[in-house]
Amino acid sequence: MDHALTVELDRLLTRLRGYHPELDVVAATLQAFCAGGKRIRPVLLLLGHRAGGGTSDDAVMGPALALELLHTCALVHDDVIDRADTRRGRPTVHREYASLHADRRLRGDADAFGRAVAILVGDVAFTQADDLFLRARVDDRRLLDGMRAFTALREEVMAGQYLDLVTSTTGEGDRAAVLQVATLKSGRYSVTRPLEVGAVLAGGDATLIEGLRRFGDPLGRAFQVRDDLLGLFGQPESTGKSVQSDLAEGKHTLVIVEALERLDAAGRSRLSAMLGDPALGEDDAAEARSLIEGCGARSAAEAYVDASAAESLAALDGLEVDEGVAMTLRHMAGRLTDRVS
């Protein structure tokens, strides 16, 4: 898959570079960004295609790689929204271009330039994802249905991102709200829809699609809650981002909601004061983690991950798919919920 992505990026970025030499740096940024990542969503699309009876991964490699370019767009834009400094152990795109602006002594505000370029870089990846999706070698009807599912995936992740932003700024996210965000932002986007798109491209029937949803939604939520836990308790050298960033952004995740419900008045007041504080320091973050762990919120979130993974695997047992596909999906479930990065 990495080789196929390299080949397609060379094709797409050669076209981009052809517009003007100044776009060489944009192409280089996209190539460097796409060199990292776990390829979770493309792999799940290929598994969905096999589950639907597809026999050739090459036939749907274009749509699989389209998910990777869409994810590139989502991460680059998310970093702008979150004002993040690092991604995958290197400066975020907007920070990279702010530094470029300063190094080249350009006119105007360096940070504004960096944000603007990052938005455009993400937009390029978003647009090129469509180019890749349309390279699927399936009949026109399946391609159209697959594109509809791909569109639903994009709509849902944007809706989830917006709701995540709202709960972070209002500080009013309850358990139901954060789980809805987890479903849209990760459950559907990271697991369910990639499987569905692959199955639709293979001509899978409604029963299969529904079974994949029962498998994918809880697994995707578990994946998101695990990500939230890593955002607080993970190792930056493994996750590629600071363990202070989610707190400083005021993200209302499941583990935060659990903590706010469990803490006494003093602890709840202290944690609430730290959420969304852009000046949050390492000592403050350590105190927040201590409060979260001490009240049992971390354990509760871990239990949610385990229960959701079990729900997903129970749904997998009821799926009538090839034994090899089922075995690989089971392996993916473990990979998504029991990880350190």
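Start by selecting residues 110-133, which form helix 6. This helix has 24 residues and reaches 35 Å from its first C-alpha to its last, close to the 34 Å expected at 1.5 Å a residue; the expected span is 1.5 Å times one less than the number of residues. Helices here are DSSP runs of H or I with at least four residues, strands are runs of E with at least two, and both are numbered from the N terminus.

A word on the source: this is a predicted model, in which local features need pLDDT of at least 70, side-chain atom pairs count only at pLDDT 80 or more, and totals for chains, interfaces and linings use all residues. Residues are numbered from 1 along each chain as its sequence is written, and side-chain values use heavy atoms, with hydrogens and water left out.

Next, colour the buried residues of helix 6, among them Gly114, Val117, Val121 and Phe133. Buried means under 20% relative accessible area, exposed means over 50%, and partly exposed is in between (1.4 Å probe, protein chains only). What do the buried residues of helix 6 pack against? Show helix 1 (2-17), helix 2 (24-34), helix 4 (61-82), helix 5 (93-103), helix 7 (140-170) and helix 8 (175-202) to see these partners.

Stay in helix 6 and click on Gln128. Gln128 counts as buried because its relative accessibility is 5%. Leaving aside residues up to four places away in sequence, Gln128 touches Leu12, Leu13, Leu16, Leu30 and Leu69, where a contact means heavy atoms within 4.5 Å.

For a contrasting stop, select Glu282 in helix 14 (residues 282-294). Glu282 counts as exposed because its relative accessible area is 60%.

On a 1 Å grid over the protein atoms alone, a cavity is a set of points where a 1.4 Å probe fits but cannot get out; a pocket is an open set with protein on both sides within 12 Å along at least five of seven lines; lining residues have an atom within 4 Å of a point. Grid points are joined across faces, edges and corners, and a volume is the space filled by probe spheres set on the points.

Select Leu165, Ser168, Thr169, Glu249 and Gly250, which lie nearest the centre of the second largest pocket. About 310 Å³ of space lies in this pocket, and 20 residues line it. Helix 7 gives the most to the lining, with 6 residues.

How many cavities of 30 Å³ or more are there? The count comes to 2. For the largest cavity, of about 40 Å³, select Thr29, Ala32, Phe33, Arg90, Pro91, Thr92, Val93 and Glu96. Helix 2, strand 2 (90-91) and helix 5 each give two or more residues to this lining.

Finish at the second largest cavity, with about 30 Å³ of space. Leu232, Asp246, Leu247, Lys251, Thr253, Ile256 and Leu275 line it.
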